[in-house]
Amino acid sequence: MKHAEELLHRAQKKEKIVIDQDFKQSLKQRILSTPPAEPAYDKNFVWRRFSILLVPALVSLTLFFYFYDTGSKYLPLKKSVNQEQAEDATAPKSAPSPATAGSSQQGNAVSENAIDRDTFNDEKTDSYSRPTGGTESGILSPLDKPGVATLSSSSSAATGPETATKPFVVLALLFACLTIMVVGVLILKKSKRRK
Amino acid sequence: MHPDSTREQFEQIYEQYFDSIYRFVARRVRGEADVQDLVSETFLKIYQHLPAFHPKHEGALRGWLYTIAKNEVYQYFRKQKHVSHTPLEELPEIASTEHIPDLFESEQVSTIVRGLLEKVEAEDREIILLKYFDELANTEIAEVLQITANHVGVRLHRGLQKFKKVLEDHNLHP
């Protein structure tokens, strides 16, 4: 290894590169006759950095605020289930809906069923037999249970799968903008390193 | 920075570094006209960007100057699409019986060594040239090649091993 290094040093010492002194002097005069200019690429660099970062940032913010304002209607699925359960619990106080209404007897059976389900674990009384009785009477089928019925027949639940995908679209857009920003930063870093 | 102070600073840099920058370019590019063009472009850029240059540490200036020169040379090669710095047919033939002491005394040692360096990979060759021909410190090489000083050490060691292997292949070992 040492011999290789010595050989390289020797080669450097013996190197013959002739420098034209006229060229050296004329170049110096030529350069000094031009005024030193501000580097143009610095401004371009700053502008490019801002344009790459600013555009996705603005898009992200616009999307965020747009869906922040109108976001409540894009959370219908969970809310509708809760609302329906709350409505079921208070069903006896209100008039029976046309969807479940066949008679006032059916409305009572539904409300009793809901109350019994809620109190079943606490009371363990003969209330367990009441839904069975209801079923036997042919008024309630298993699909007519409140929870199932609201999910399948509610109009808001019907639009649930459609609207539930929208937050994912928003997230995808935000993720895309974020990716653009990250890639932009990486490209800028690389271009800066080259300079 | 005031224009006059820029002018003075440039004159100082020019006098101090012109020869070494010229040699740096001449080692990599063939043809005096091309070398002079590249050196002109290099110093013009140095002069134009000098007001915006603020050295962070001692020795940063030299690294910066060589970086500008290196970029000019790389840009030239990209335009010319040259791969080899030195056409191999221009190199003198190396006698297989030649040994290191004979080579040391040879007047053509520089040309022969440059020819042998062509057999080393471009990445390793560049670092050897910067270290032994341009006589840059590891930190300055790191600045020029945009790598760490530790990485320079590792790559230099690897390059020397490969160069030694080339010498052995040509029976040019002591």
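Let me begin with Ser40(B), which counts as buried because its relative accessibility is 12%, where buried means under 20% relative accessible area, exposed over 50% and partly exposed in between, with a 1.4 Å probe and protein chains only. Before I go on, please note that this is a predicted model, in which local features need pLDDT of at least 70 and side-chain atom pairs count only at pLDDT 80 or more, while totals for chains, interfaces and linings use all residues. Residues are numbered from 1 along each chain as its sequence is written, chains are lettered from A and ligands numbered from 1 in the order in which they are written, and side-chain values use heavy atoms, with hydrogens and water left out.

Ser40(B) sits in helix H2 of chain B, residues 32–49; helices here are DSSP runs of H or I with at least four residues, strands are runs of E with at least two, and both are numbered from the N terminus. What does Ser40(B) touch, leaving aside its neighbours within four places in sequence? Its contacts are Phe23(A), Leu27(A), Arg30(A) and Ile31(A), a contact being heavy atoms within 4.5 Å.

That takes us to helix H2 of chain A, residues 21–33, whose 13 residues reach 18 Å from first C-alpha to last, close to the 18 Å expected at 1.5 Å a residue, the expected span being 1.5 Å times one less than the number of residues. Its buried residues are Phe23(A), Lys24(A), Leu27(A), Lys28(A), Ile31(A) and Leu32(A). They cover an arc of only 150° around the axis, so they lie on the same side of H2(A), the arc being that of the directions from the helix axis to the C-beta atoms. An α-helix has 3.6 residues a turn, so residues three or four places apart point the same way. On the face turned away from the buried side of H2(A) we find the exposed residues Asp22(A) and Ser33(A).

As for the whole of chain A, it has ten helices and zero strands, and 24% of its 195 residues count as buried.

Finally, two loop residues in chain B. Most residues other than glycine have a negative phi. Glu135(B), however, has a positive phi of about 55°; it lies in the loop between helix H6 (122–133) and helix H7 (138–145) of chain B, and counts as partly exposed because its relative accessibility is 41%. Gln146(B), with a positive phi near 60°, lies in the loop between H7 and helix H8 (149–169) of chain B, and at 40% relative accessibility Gln146(B) counts as partly exposed.
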